[in-house]
Amino acid sequence: MSQQLLFVCRHSPYGGSNAREGLDAILASAAYGQDIGVLFIDDGVFQLLPDQAPASLPQKNLSANLSALPLYEVERIYVHSESLRERGVPFDSLTLEGLQAVNSHEVGVLLSGHEQLLSF
Amino acid sequence: MKFALAIHAAPFSSSASQTALKFAQALLAEGHDIYRVFFYQDGVHTANELVCPPQDEQNLCREWQSLARAHSLDLVVCIAAALRRGVLNAEEAERYDKAAQNLAPTFSISGLGQLLDAAVKSDRLVTFGA
């Protein structure tokens, strides 16, 4: 059976409002008890970097919200390994609990395996 | 088939908003149902009644209103995104002590739960400008 909702996060955390408003939508959906998946791909992988310090911009730190995902029982969190490699980010440097690396083929399986996609 | 539309792009600065309107018109012409149109991110600017495009250009806000009236569409604007961008109904204008409200008639303001509800209850969710 296919799963309901997959959120696809494609943008860097502070260059625009996509990451922030996407995360708002993710947390709202999780708060309603939906079984959701979250995929970080392209520049979206930058949202996962540890030690973000955007206070001087000033912007709120999004990674604090991200780390709340397990508390909302969001257990299916994926990151596209090729996107990480292209940007020189080692998977081992990411600290988000429950994060799984997926290759391009597995991304395709994820996209086709969900009823609805929400892209940010 | 039951569709939901999510519009994330601003009117005028992106063609995504025009495409969404055309798509909605085509769906209704083909006999499909539109469960809800949810305006999020810069899409909330679509509901700003104060936009004044030149006479010979499209007024997306007005076109959504007439489509909504003709087909009883549920046009919902995300409250968090709208407040950040200065799109307010009378109630929110009073709450935040603002002198004016600018939410166009036929649009309503509500929370992100309405986007989730639309995604879950529709056969297809189509996003514009993501």
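How many residues does the contact take from chain B and from chain A? The contact takes 13 residues from chain B and 14 residues from chain A, two residues being in contact if their C-beta atoms, placed from the backbone, lie within 7 Å. On chain B, α3 (79-84), α5 (113-121) and β5 (124-128) each supply at least two residues of the side that touches chain A. The largest share of that side, five residues, comes from α5(B). Helices (H or I, at least four residues) and strands (E, at least two) are DSSP runs, numbered from the N terminus. By class, the side of chain B that touches chain A divides into ten nonpolar residues, three polar and no charged. Here Ala, Val, Leu, Ile, Met, Phe, Trp, Tyr, Cys and Pro count as nonpolar, Asp, Glu, Lys and Arg as charged, and the others, Gly among them, as polar.

The model is predicted: local features need pLDDT of at least 70, side-chain atom pairs count only at pLDDT 80 or more, and totals for chains, interfaces and linings use all residues. Residues are numbered from 1 along each chain as its sequence is written, while chains are lettered from A and ligands numbered from 1 in the order in which they are written.

Chain B was examined next. Its secondary structure comes to five helices and five strands. From the N terminus on, the elements of chain B run β-α-β-α-β-α-α-β-α-β. The radius of gyration of chain B is 14 Å, close to the 14 Å from the globule rule for 130 residues, so chain B is as compact as a globular protein of that length. This radius is taken over C-alpha atoms, and the globule rule is 2.2 Å times the number of residues to the power 0.38. Along the principal axes, the C-alpha atoms of chain B fill a box of roughly 45 × 35 × 25 Å. Of the 130 residues in chain B, 42% are buried. A residue is buried if 20 or more other C-beta atoms lie within 10 Å of its own, exposed if 12 or fewer, and partly exposed in between, with C-beta atoms placed from the backbone. Among contacts in chain B with a separation of 6 or more, 76% are between residues 24 or more positions apart.

The strands of chain B form an open sheet of five, in the order β4-β3-β2-β1-β5, with parallel pairing. Two strands pair if DSSP finds at least two bridges between them. The edge strands are β4 (107-110) and β5 of chain B, and each pairs on one side only. Neighbouring strands of this sheet are turned by 25° against each other on average, direction ignored. Axes are lines fitted to C-alpha atoms, for helices over the stretch in contact, and angles run from 0 to 180 degrees between N-to-C directions. Within the sheet, β1 (residues 2-7) and β2 (residues 33-39) of chain B pair in the parallel sense over six bridges. B:F3 stands opposite B:I34 in β2(B), and B:A4 stands opposite B:R36. Six of the seven residues of β2(B) are buried, so this strand is largely enclosed by the rest of the structure.

B:D123 lies in the loop between α5 and β5 of chain B. With 13 C-beta neighbours inside 10 Å, B:D123 counts as partly exposed. Neighbours within four places in sequence aside, B:D123 is in contact with B:M1, B:K2 and B:F3. The C-alpha atoms of B:D123 and B:A4 are separated by 7.9 Å, although the two residues are 119 residues apart along the chain.

Chain A has four helices and five strands. Read along the sequence, chain A follows the pattern β-α-β-α-β-α-β-α-β. The radius of gyration of chain A is 13 Å, close to the 14 Å that the globule rule gives for 120 residues, so chain A is as compact as a globular protein of that length. Its C-alpha atoms fill a box of roughly 45 × 30 × 25 Å along the principal axes. Buried residues make up 35% of the 120 residues in chain A. Residues 24 or more positions apart account for 73% of the contacts in chain A with a separation of 6 or more.

Helix α1 (residues 18-31) of chain A has 14 residues, which should span 20 Å at 1.5 Å a residue; its end C-alpha atoms are 20 Å apart, which agrees. The expected span is 1.5 Å times one less than the number of residues in the helix. α1(A) is mostly covered, with ten of its 14 residues buried. Among them are A:R20, A:E21, A:L23 and A:I26. A:G33, with a positive phi near 80°, follows α1(A).
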